Amino acid sequence: MNNDTIFDKIIQHKITADILYQDKFITAFHDIHPKAPVHVLIVPNISIPTVNDVKIHQEFILGKLFTVAAKIAKKNGIHESGYRLIVNCNHHAGQEIFYFHMHLLGGRFLGPLIVPV
Ligand code: 5GP
């Protein structure tokens with residue numbers, strides 16, 4: 001298990017973050033470099049480096065990411081205008097922090113999913 005990422009420290013309140021939701025299973029906090037008016041990171045409280053590392057017994061906790069995302073979207077008034085949920089895995093997706101996290105982005109039109117190269 002990797003206990004060294006920034007997100008481990010945020011969950012354990014060892015470093016400061018703007019936490020807007022936390023329960024036994026999930027923590028959600030504002031992204032430090034927001035790419036949209038609403039940009040929240042939603043993470044399981046257990047350390048999982050990437051999607052490749054997800055185990056079957058973790059399906060329940062990862063399902064909770066969606067219910068928390070919907071709750072936060074509603075609280076921010078973007079549930080009807082719409083929002084995007086993104087999970088990056090490894091280099092080609094641009095994953096920077098190797099602690100499984102879901103991006104919740106909204107508050108403006110987000111454009112195409114993938115920028116043509
Ligand atoms: P990734 O590219 O790994 O999917 O996304 C990592 C995200 O974490 C980025 O959007 C980045 O802005 C955010 N981030 C990196 N360091 C910190 C930090 O110390 N605090 C917070 N709140 N967000 C961070």
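Phenylalanine 7 and tyrosine 99 are both buried (under 20% relative accessible area, with exposed meaning over 50% and partly exposed in between, for a 1.4 Å probe and protein chains only). The model is predicted: local features need pLDDT of at least 70, side-chain atom pairs count only at pLDDT 80 or more, and totals for chains, interfaces and linings use all residues. Residues are numbered from 1 along each chain as its sequence is written, and side-chain values use heavy atoms, with hydrogens and water left out.

Three aromatic pairs are found in a search of the whole structure. Rings of Phe, Tyr and Trp (its six-membered ring) pair if their centres lie within 6.5 Å; planes under 30 degrees apart count as stacked, over 60 as edge-to-face and the rest as tilted. Phenylalanine 7 and tyrosine 99 form an edge-to-face pair, 6.4 Å centre to centre with 70° between the planes. Phenylalanine 7 lies in helix 1 (residues 6-11) and tyrosine 99 in the loop between helix 3 (90-93) and strand 5 (102-106), so this pair ties together parts 92 residues apart in sequence. Helices (H or I, at least four residues) and strands (E, at least two) are DSSP runs, numbered from the N terminus. Phe7, Phe29 and Tyr99 form one aromatic cluster.

Phenylalanine 25 and phenylalanine 60 also form an edge-to-face aromatic pair, at 5.7 Å centre to centre and 90° between the planes. Phenylalanine 25 sits in the loop between strand 1 (19-22) and strand 2 (26-30), and phenylalanine 60 in helix 2 (residues 59-75), 35 residues apart. Phenylalanine 25 is partly exposed, at 26% relative accessible area. Phenylalanine 60 is exposed, at 57%.

The ligand is surrounded by 17 residues (each with a heavy atom within 4 Å of it). The closest are Asp31, Gly94, Glu96, His101 and His103. Polar contacts are pairs of N or O atoms within 3.5 Å; within protein, one must be able to donate a hydrogen and the other to accept it, and residues adjacent in sequence count only if both atoms are side-chain atoms. A side-chain N or O atom of aspartate 31 is 2.5 Å from a ligand oxygen atom. For a polar side-chain atom of histidine 101, the distance to an oxygen atom of the ligand is 2.7 Å. On its own the ligand has 520 Å² of accessible area, and the protein covers 88% of this (Shrake-Rupley method with a 1.4 Å probe; for residues, only the protein chains shown count as cover).
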